[in-house]
Amino acid sequence: MEQLGFKVCSVSGLIDTKQLDNYSCGVAGLDEFVKYDYQDLERKHITSLNAVYLDDVLVGMFALSTSSSSASFADVNREKIFGDASGMKSLPMINIDHLSVNKPFQFGNGLDGLHLGTAILKYIFKMLLDVGAQYGIAFAGVMVESLPDPVDFYISNGFYFIDKHEEDAPNKKTYTLAISYDDMFKVYE
């Protein structure tokens, strides 16, 4: 990410939040989260919203929290993601609570075809892998509850549906996907 000139900082640590007023990813619920909803969740220490800048321009946002993946059984998808650990009742996870790209920069617009969503996701992976290695923090992987439209984005970046029944269910409001710690290395490289 350093080669892109990304600067990532906590939104709660920003002195000037005026850029947030003009930020939009084009999805009303996600935009509301960035402008209003994250504040109460941060006060409760449930999530933390981060701003992604490229040359002092706000290009994206992401929020992370800790979570767990619980299952009373290991189906084929859970086994594909977590292997031997899939049979455990609960797995420690990092959750992506929010990931968005500012509308003017979506789909490679304005940045010579650079796909910022993928670049931000790789930044998240590198950050988490570094923290895990440096501080000995174990987690099985990363989960996201995705709206239908970005599901293909997550799949193309190494995520799988965590539950086979959900993969086969059309017209859901959200889908839960995950990527294992080990698979994060493959995507990051």
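A salt bridge here is a side-chain nitrogen of Lys or Arg within 4 Å of a carboxyl oxygen of Asp or Glu. By that rule, D168 and K164 pair up through their side chains at 3.8 Å, N to O, and a search of the whole structure turns up seven salt bridges.

This is a predicted model, so local features need pLDDT of at least 70 and side-chain atom pairs count only at pLDDT 80 or more, while totals for chains, interfaces and linings use all residues. Residues are numbered from 1 along each chain as its sequence is written, and side-chain values use heavy atoms, with hydrogens and water left out.

**Salt bridges**

- Side chains of opposite charge can pair when their charged atoms come close.
- D168 is exposed at 53% relative accessibility, whereas K164 is partly exposed at 32% (buried is under 20% relative accessible area, exposed over 50%, partly exposed in between, with a 1.4 Å probe and protein chains only).
- Salt bridges with shared partners tie D40, R43 and K44 into one network.
- D40 and R43 both sit in helix 2, three residues apart, or about one turn of the helix (helices are DSSP runs of H or I with at least four residues, strands are runs of E with at least two, and both are numbered from the N terminus).
- D40 is partly exposed at 34% relative accessibility, while R43 is exposed at 58%.

- The largest pocket holds about 930 Å³ of space (on a 1 Å grid over the protein atoms alone, a pocket is an open set of points where a 1.4 Å probe fits, with protein on both sides within 12 Å along at least five of seven lines; lining residues have an atom within 4 Å of a point).
- Of the 31 residues lining the largest pocket, L30, L99, S100, P150 and F153 are the closest to its centre.
- Helix 2 (28–43), strand 4 (90–101), helix 4 (116–135), strand 5 (141–146) and helix 5 (151–156) each put at least two residues into the lining of the largest pocket, and strand 4 gives the most, with seven.
- The lining of the largest pocket splits into 16 nonpolar, eleven polar and four charged residues (Ala, Val, Leu, Ile, Met, Phe, Trp, Tyr, Cys and Pro count as nonpolar, Asp, Glu, Lys and Arg as charged, and the others, Gly among them, as polar).
- The second largest pocket has about 210 Å³ of space, and its lining includes S48, F62, I94 and M127.
- Strand 3 gives the most to the lining of the second largest pocket, with four residues.
- The lining of the second largest pocket has five nonpolar, four polar and no charged residues.

**Positive phi in loops**

- Most residues other than glycine have a negative phi.
- H45 has a positive phi near 60°; H45 is in the loop between helix 2 and strand 2 and is exposed at 72% relative accessible area.
- D56 also has a positive phi, near 65°; D56 is in the loop between strand 2 and strand 3 and is exposed at 66% relative accessibility.

**A buried aspartate**

- D31 lies in helix 2 and counts as buried at 11% relative accessibility.

Note on methods. Grid points are joined across faces, edges and corners, and a volume is the space filled by probe spheres set on the points.
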